[in-house]
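Thank you all for coming.

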Amino acid sequence: FLLENYNSVTFAKAGSGKSYTTKLEILRSLMFETEVIVIDPEREYEYMAEATGGKYFNISLTSEHHINPFDLPIPREDEAVSDVLRSHIVNLVGLFRIMLGGLSQEEDAIIDRAITETYALKDITADSNFANVEPPLMSDFELVLAGMEGAESLVQRLTKYTKGTWSGFINRPTNVDINKKFIVFSLRDMEDELKPVAMYIVTHYIWSAIRKNLKKRLLVIDEAWWMMKSEDTASFLLGLAKRGRKYYLGLATITQDVEDFLKSPYGLPIITNSSIQMLMKQSASSIDIVQRTFNLTDEEKYLLLESDVGEGIFFVGMKHVAIKVIASYTEDQIITTNPSQILDIKRSKAELEQQ
């Protein structure tokens, strides 16, 4: 938090120790009074959230945790309500673009108008006090859309989110609360087809909460290549990297799929907007693109191909150095990703509770 921005990127192949490294950074950030929020695609942070007194939300079709995308962000003192509402409607159009598999120009305009009318039905306008309103649900939006000319195809595509098996995920009032120092949103049990939708909804919910209260925070997005698959989620991620500093937010982007990340036009700008970069063991198939992107020498290239677990190159600004990640015994017990070690810890805990 002393650098020109508070962002970092970590690139590493599977099994190189990137999750272990990230958890260690989170644990030490918590010790320095930083609030941490994690988007976890593989349910790797559940035990850590439990051990540190954090909150763990499992986002899936059958989960008891819900986020209503129509929730409105509370404007800050320096923001006009009309600007916040307009920006939120633009974000919702982006969400529907992902949900409905793309929109034509005509459909884009219909969706925009339907969202405005859905809010108007709940007496929500640019003059409303967003703290005292009850936001609409996806089913309210569907009713408005169904009454609009030329929206038949849109309504048909939307049905699975309001009446089908996916309705439980997206058509409920929000019941999550991120008022702890450590928060984890897990997307492992979400169907692959819905993960980009879930990531978009969760990240926008987090962004609204971050804007509301100014605190020192770190937002960790693991397996960020999922967000690079869609232009709307990728551009939002870049927006977080650029605007986060204003809200005392550091964005930590972690990925093992370097090529997918850098194929996106938003990949390189996210890297250049990150003061800290961490490269760990790389695969032979991706090392050349990593070498070009980070301007590595051949010696550094071979170092990354032959690194042991937890080893790599650490960049801060123009300076970089070889690094080895080492945790204390107590830290290791909290952050380990070794399944047999986790089972041993749980077994020991159960035996202590029985005594």
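Strands S5 and S6 run parallel and are joined by 5 bridges, where strands count as paired if DSSP finds at least two bridges between them, and where strands (E, at least two residues) and helices (H or I, at least four) are DSSP runs numbered from the N terminus. This is a predicted model, in which local features need pLDDT of at least 70 and side-chain atom pairs count only at pLDDT 80 or more, while totals for chains, interfaces and linings use all residues. Residues are numbered from 1 along each chain as its sequence is written, and side-chain values use heavy atoms, with hydrogens and water left out.

Staying with S6, the bridge partner of Ile221 in that strand is Thr253, and Thr253 is also the bridge partner of Val9. S1 and S6 pair in the parallel sense as well, over 4 bridges.

How many residues of S6 are buried? The count is 7 of the 7, so S6 is largely enclosed by the rest of the structure; buried here means under 20% relative accessible area, exposed means over 50%, and partly exposed lies in between, with a 1.4 Å probe and protein chains only. In a regular strand the side chains alternate between the two faces of the sheet. In S6 both faces are covered, with Leu249, Leu251, Thr253 and Thr255 buried on one side and Gly250, Ala252 and Ile254 buried on the other.

Helix H10, residues 231-243, lies across S5 (217-221) and S6 (249-255), and runs at about 140 degrees to S6; for that angle, axes are lines fitted to C-alpha atoms, for helices over the stretch in contact (heavy atoms within 4.5 Å), and angles run from 0 to 180 degrees between N-to-C directions.

Taking the sheet as a whole, 9 strands form an open sheet with mixed pairing, in the order S3-S4-S2-S5-S6-S1-S7-S8-S9. Its edge strands, each pairing on one side only, are S3 (55-58) and S9 (319-324), and the twist from one strand to the next averages 15 degrees.

Finally, two individual residues. Ser29, in helix H1 (residues 18-31), is buried at a relative accessible area of 14%, and, leaving aside residues up to four places away in sequence, Ser29 touches Thr34, Val36 and Leu218. Phe1, in the segment before S1 (8-11), is partly exposed, with a relative accessible area of 37%.
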